[in-house]
Amino acid sequence: MRYHIWTIGCQMNVADSQRVAAGLERLGYEPAEDARDADVMILNTCVVRQQPEDKAVGQLNLLKRYKAQHPERVLALMGCMVGVKDPAPLRARFPWVDLFLPPSDPTELWSYLAEQGHLDEAQTLIADAEARRLALSRTDTILPPSGKGAIVSAHLPIVLGCSHACTYCVIPYRRGPERSRPMDVIVAEAEQMVAQGVQEITLLGQIVDRYGYDLPEFKGSRATPLVALLHRIHAIEGLKRIRFLTSHPNWMKDDLLDAVGELSAPTQGASACVCPHIEVPVQAGDDEVLARMRRGYTVDAYRQLVARLRERIKGVSIATDIIVGFPGETEAQFQNTYDLLKELKLDKAHIARYSSRPLTVATRQFDDALPVEEKERRRKLLDDLQSEILTELNGRYLGQTVEVLVEGWHDRKKRWFGRTPTDRLVFFETPGTGDWLGRLAQVQITWTGPWSLIGKAQ
Ligand code: SAH
């Protein structure tokens with residue numbers, strides 16, 4: 001019996017897919033490279049913008065005929081396209097899909113496979129369904145054994161859902177309200193990942209720095225609960241690096257910044273480094289647009305945050321997200337965003353054209369009147385600016401020796417690749433032909449560009 005998982009979207013989806021793969025492998029399934037060889041096929045979907053949703057619908061339509069020819073094969077749709085509400089409308093639209101799984105919760109898959117007589121061992125998983133539903137709290141295999149050694153860097157969800165309700169964002173409607181997972185469960189899972197060969201763990205949450213405030217042990221806590229978690233993960237032997245994302249500007253308190261500053265400094269001995277890399281979206285560089293997005297901060301507050309980050313975390317790299325063409329964004333307001341990016345010179349910016357999403361406040365209350373060509377013009381302007389900024393920032397790496405955690409071999413470029421603690425993508429040549437996967441390589445940089453660096457390992 002074989003399975004195939006098709007995944008698009010954010011790191012949370014990647015983590016969810018790995019968890020499903022792990023469950024299936026535990027039950028005896030093996031991975032199939034080609035979907036056409038799979039007995040169980042899962043599409044893990046994203047609907048944060050129209051484009052990934054269109055891709056998922058395209059896949060579903062492709063699979064319609066295939067499924068008619070092979071009715072015995074199981075086809076499951078998972079993730080944000082399904083969401084946490086009743087999937088009846090989806091069932092009516094895609095009747096050839098066997099089952100609909102909400103994000104981060106594959107419980108129904110196990111019962112379905114058991115009902116279909118696919119497996120006996122599934123019973124053991126079903127017995128624990130309630131615990132799984134509560135907090136994904138089982139600590140069985142969370143990475144597929146087939147990935148052992150190959151998965152150098154893994155993602156670990158620590159906060160599920162989101163309750164912030166930015167006006168453009170569909171995630172709270174699809175992933176449900178914010179809930180933190182118990183700290184002991186997270187630590188146990190992190191330990192298990194390390195036992196499976198993982199060297200870098202990225203803790204995930206929509207607002208990751210809100211981790212823990214809803215847990216009984218942190219009720220009313222003035223200290224940032226994420227700091228306690230970082231210390232516990234940092235103590236796991238064998239782990240090399242820790243990252244966390246995504247942060248919200250309002251929750252990045254000084255104790256968190258100081259903890260990153262302290263735990264990112266090179267230490268004696270074996271403990272992991274918390275990478276000096278912060279992903280903290282600004283979304284827009286104009287106060288009125290920010291207010292209509294209901295982000296809850298001003299441009300100036302963000303500016304001050306960047307200054308605080310740079311002061312408290314040595315060598316910090318800062319990544320951001322920006323939406324262009326939010327409803328009503330004027331040319332002058334866009335210019336403010338452009339000017340802010342130019343002023344702050346951040347280390348990365350993920351730039352997206354605004355995409356109207358069902359149910360969101362922005363869709364219900366504002367007019368998405370800007371033509372797509374205009375949104376694209378704005379996106380391109382920011383992209384060009386970002387490329388200029390990164391050409392300059394990355395140029396500073398030339399001749400330096402950086403530490404790269406090796407994540408894989410790039411077949412086309414014929415080079416190993418990995419990332420620096422500051423999240424720079426580095427391709428490099430090696431002295432011999434040995435296996436560098438999972439190693440911490442010291443790489444001297446010989447070429448720099450806006451999106452990657454090239455070097456030689458020592
Ligand atoms: N909760 C995280 C991630 C949200 S989704 C956060 O606070 O950033 C990732 C990014 O997608 C967002 O940061 C935003 O820039 C973008 N995004 C979300 N909704 C969007 C929409 N309707 N149109 C365009 N981009 C969107």
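Trainee: How many bridges join S15 to strand S16?
Mentor: This is a predicted model, and in it five bridges join S15 to strand S16, residues 415-419, with the two strands running antiparallel. One of the pairs is Trp409 with its bridge partner Trp416 in S16.

Trainee: What holds paired strands together in general?
Mentor: Strands of a sheet pair through backbone hydrogen bonds, and the pairing is either parallel or antiparallel.

Trainee: Which residue in the hairpin of S15 and S16 takes a positive phi?
Mentor: That is Lys414, with a phi near 55 degrees. The hairpin has four residues between its strands.

Trainee: In what sense do strand S15 and strand S18 pair, parallel or antiparallel?
Mentor: Strand S15 (residues 401-410) and strand S18 (residues 440-448) pair in the antiparallel sense, over five bridges. Glu403 stands opposite Gln442 of S18.

Trainee: Let us change topic. What is the order of the open sheet of three strands?
Mentor: The order is S12-S13-S14, and the pairing is parallel. Strand S12 (277-279) and strand S14 (348-353) stand at the edges; each has a single partner strand, so one side of each is without a neighbour in the sheet. From one strand to the next, the twist averages 15 degrees.

Trainee: Over how many bridges do strand S13 and S14 pair?
Mentor: Strand S13, residues 317-324, pairs with S14 over six bridges in the parallel sense. Val324 has Arg353 in S14 as its bridge partner.

Trainee: What lies across S13 and S14?
Mentor: Helix H15 does, running at about 175 degrees to S14. Within H15, which spans residues 372-395, one finds Gln386.

Trainee: Is Gln386 buried or exposed?
Mentor: Gln386 counts as buried, because its relative accessibility is 1% and the cut-off for buried is under 20%. Apart from neighbours within four places in sequence, Gln386 is in contact with Leu341, Leu346, Asp347, Lys348 and Ala349.

Trainee: And where does Ser355 lie?
Mentor: Ser355 lies in the loop between S14 and helix H14 (361-365). Ser355 is buried too, with a relative accessible area of 15%. When its neighbours within four places in sequence are left aside, Ser355 is in contact with Arg49 and Gln50.

Trainee: Now for S10. How many residues of S10 are buried?
Mentor: Five of the five are buried, so S10 is largely enclosed by the rest of the structure. Arg241, Arg243 and Leu245 point one way from S10, while Ile242 and Phe244 point the other way.

Trainee: Which residue stands opposite Ile242 in S10?
Mentor: Ile201 stands opposite Ile242. Strand S9 (residues 200-204) and S10 pair in the parallel sense over five bridges.

Trainee: Which residues of helix H10 are buried?
Mentor: In H10, residues 254-264, the buried residues are Leu256, Leu257, Ala259, Val260, Gly261, Leu263 and Ser264. Their cover includes helix H9 (225-234), strand S10 (241-245), strand S11 (273-274) and helix H12 (299-312).

Trainee: Why would residues three or four places apart on a helix point the same way?
Mentor: An α-helix has 3.6 residues a turn, so residues at that spacing point the same way.

Trainee: At roughly what angle do the axes of H10 and H12 cross?
Mentor: They cross at roughly 35 degrees and come within 9 Å. The crossing is right-handed. Asp254, Leu257, Asp258 and Gly261 of H10 make the contact with Arg308, Leu309 and Arg312 of H12. By class, this contact has two nonpolar, one polar and four charged residues.

Trainee: One last topic. How many disulfides does the structure hold?
Mentor: The structure holds zero disulfides.

Trainee: What about Cys273?
Mentor: Cys273 is in no disulfide either, and its nearest cysteine sulfur, that of Cys275, is 4.3 Å away. Cys273 is buried, at a relative accessible area of 16%.

Methods: Residues numbered from 1 in each chain as written. Predicted model: local features only at pLDDT ≥ 70, side-chain atom pairs only at ≥ 80, totals over all residues. Heavy atoms only, no water. Buried < 20%, exposed > 50% of the residue type's maximum accessible area, 1.4 Å probe, protein only. Contact = heavy atoms within 4.5 Å. Axes fitted to C-alpha atoms, helices over the stretch in contact; angles between N-to-C directions. Left-handed = near helix turned anticlockwise from the far one by under 90°. Nonpolar A, V, L, I, M, F, W, Y, C, P; charged D, E, K, R; others polar. Disulfide = S-S within 2.5 Å. Pairing = 2+ DSSP bridges.
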